[in-house]
Amino acid sequence: MTEQINVPQAVTMDDVSLTPAAMRVMQAELALGATLATLAQPSILAARLDTRLEDRRQRRREYEQEWVECYQRYNSIYPADIMARIHPKKSKLWVGMTALKVNSAHSAIMDFLRSGGEDTLPWSIDPMKIPENTILPEGLDINGVRDVIQGRVDAMAVEVENQFDDCDFEEELDMAVLELCITGSMGMVGPLTIPDDKEYWEMDLFNGNRMQEVPAAQKFKPTTKFVSIFNLYLDMEAPNV
């Protein structure tokens, strides 16, 4: 069964090469141009920014059109120029081989990332190694220190895993990997800092051992999100990733 993805409409009837992002950039350019036209002597800085914006928009459009075509093939949609050449009485059947291959690659990558099990994330935390000849203060045993370090590492791993669960990391990664398989590119942003609205409870030993919510100061936690490449604007002058 072919999986369909709802993506923003990236082509219009007027211009198949313009995406919504490109349209917004163009509208911003027109508004900027109208503002500059009202000035007696537009500043050199504003003119330079306008020139660079136009240059980046033109260079990005090539990538956007390629991404649009990738999504069209994945969703079994003929490009407008091909549809125009198909005779009205001829079959328009599209064999969804692209979606089949994309979904297979997507499943294989996610299975690899979960190679340790369904609930295993592709990361681990290892404790600091303490050499045998390490000189410790009197009363400390090297094995005891290692046990303490390992205990703290295990506690940190649990906290990190809980934070990943709170931000639906695996679901966000799943969407990013799917777009990677469709277009060849993917994007995730993070870590972002957001308020932690988790409720904390403790046992009241002096009131029948009942659990009660603990009023705590505002806390924060990290999160990470999948961001479509259509909404990512990278430095077009960067020589590499």
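These legends describe close-up views of a predicted model.

**View 1. Lys221 in strand β4.**
Strand β4 covers residues 219-226 and includes Lys221. The Lys221 residue is buried but forms no salt bridge. Asp166 is the nearest side chain of opposite charge, 4.1 Å away; the pair is not counted because a salt bridge requires a side-chain nitrogen within 4 Å of a carboxyl oxygen. Leaving out residues up to four places away in sequence, Lys221 touches Asp166, Leu192, Thr193, Ile194, Pro195, Asp196 and Asp197.

**View 2. The largest nonpolar core.**
This core has 17 residues. Those touching the most other members are Tyr74, Val102, Val177, Leu178, Ile182 and Phe230. Two or more core residues come from each of α2 (44-74), α4 (97-113) and α6 (169-183). Helix α6 supplies the largest share, six residues. In soluble globular proteins, nonpolar side chains tend to be buried together.

**View 3. Surroundings of Phe230.**
Phe230 is among the core residues that touch the most other members. Apart from neighbours within four places in sequence, Phe230 is in contact with Ala21, Arg60, Glu64, Trp67, Val68 and Tyr71.

**View 4. Helix α5, residues 142-166.**
The helix has 25 residues and, at 1.5 Å a residue, should span 36 Å; the C-alpha atoms at its ends are 36 Å apart, so the two values agree. Its buried residues are Ile142, Ile149 and Val153. After α5 comes Asp168, with a positive phi near 55 degrees.

Conventions: Residues are numbered from 1 along each chain as its sequence is written. This is a predicted model: local features need pLDDT of at least 70, side-chain atom pairs count only at pLDDT 80 or more; totals for chains, interfaces and linings use all residues. Side-chain values use heavy atoms; hydrogens and water are left out. Helices (H or I, at least four residues) and strands (E, at least two) are DSSP runs, numbered from the N terminus. Buried means under 20% relative accessible area, exposed over 50%, partly exposed in between (1.4 Å probe, protein chains only). Lys and Arg count as positive and Asp and Glu as negative; His and the chain ends are not counted. Contact means heavy atoms within 4.5 Å. A nonpolar core is a set of buried Ala, Val, Leu, Ile, Met, Phe, Trp, Tyr and Cys residues joined through side-chain atoms within 4.5 Å. The expected span of a helix is 1.5 Å times one less than its number of residues.
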